[in-house]
Amino acid sequence: MNKSQQIQPPFQNKYNLRSVSSQDSKSCLICYKPTTEVLITDNHLDFFYICKSHLYDESFAKPIESKEYEELKNEITKLEIQLKEVGKKVEETKPYLWGINWSKDKKKKEEDKDKDKEDDKSKNNNHESYKSKLKEIENNLTTKNEELKNFKFKSYNLSSTIYKNRLMLNQKKKYNKERIEKIQKDGFFPTVPTHEISK
Ligand SMILES: [Zn+2]
């Protein structure tokens, strides 16, 4: 079969998520519970109601990752790198690594000891600023991870089995519709059998 002979499916495997108002809720495709979420194809030829919870089930559908989602993931990666770097700085500037010079070396001149104390003071300032920087990154990372967890995807790919089922169902509906139209056009109605069926 060459390309031109291939039949195009009536709709692609790309479903957009829409919400309807609660009074318009209908039963879910999978569990039949009422839901307000609808998955609908770009050309609106196929749609069905679905609970949000099933959208997390990868055997049912996978979210199509958007540019916004990619950006969010990149931001998180950057923050994780920063967290490591600043965390290292916090360790490097920890108080137990300084103060040794002036507190233990009794032979040192007073002015040198003062200088050491001054050095330690500035080290302390660095340590504190790295610590607050670390806290800031941690908070930022928590927020971004939360955003990622609750990210609202706009469209989904159905698993191939589900998609095939949707295509088959569509084909069946189309066939039934054409059949009914043909019956109505031809004025053909099957008669109800009047005789008893012998056993
Ligand atoms: Zn459901």
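Let's start in strand β7, where Ser 155 is the bridge partner of Asn 16. This is a predicted model, in which local features need pLDDT of at least 70, side-chain atom pairs count only at pLDDT 80 or more, and totals for chains, interfaces and linings use all residues. Residue numbers run from 1 along each chain as its sequence is written.

**Pairing around β7**

- Strands here are DSSP runs (E, at least two residues), numbered from the N terminus.
- β7 also pairs with β6 (residues 61-63), again in the antiparallel sense, over 3 bridges.
- Within that pairing, Leu 158 of β7 is the bridge partner of Ala 61.

**Positive phi in the loops**

- Tyr 32 has a phi near 70°, a positive value in a residue other than glycine, and sits in the loop between β2 (26-27) and β3 (34-35).
- Tyr 32 counts as exposed because 11 other C-beta atoms lie within 10 Å; the cut-off for exposed is 12 or fewer other C-beta atoms within 10 Å of the residue's own, with C-beta atoms placed from the backbone.
- His 44, also not a glycine, has a positive phi near 65°, and its place is the loop between β4 (37-41) and β5 (47-49).
- His 44 is exposed too, because it has 9 other C-beta atoms within 10 Å.

Definitions and conventions:
Pairing = 2+ DSSP bridges. Helix = DSSP H or I, 4+ residues; strand = E, 2+ residues; numbered from the N terminus. Buried ≥ 20, exposed ≤ 12 C-beta atoms within 10 Å, placed from the backbone.
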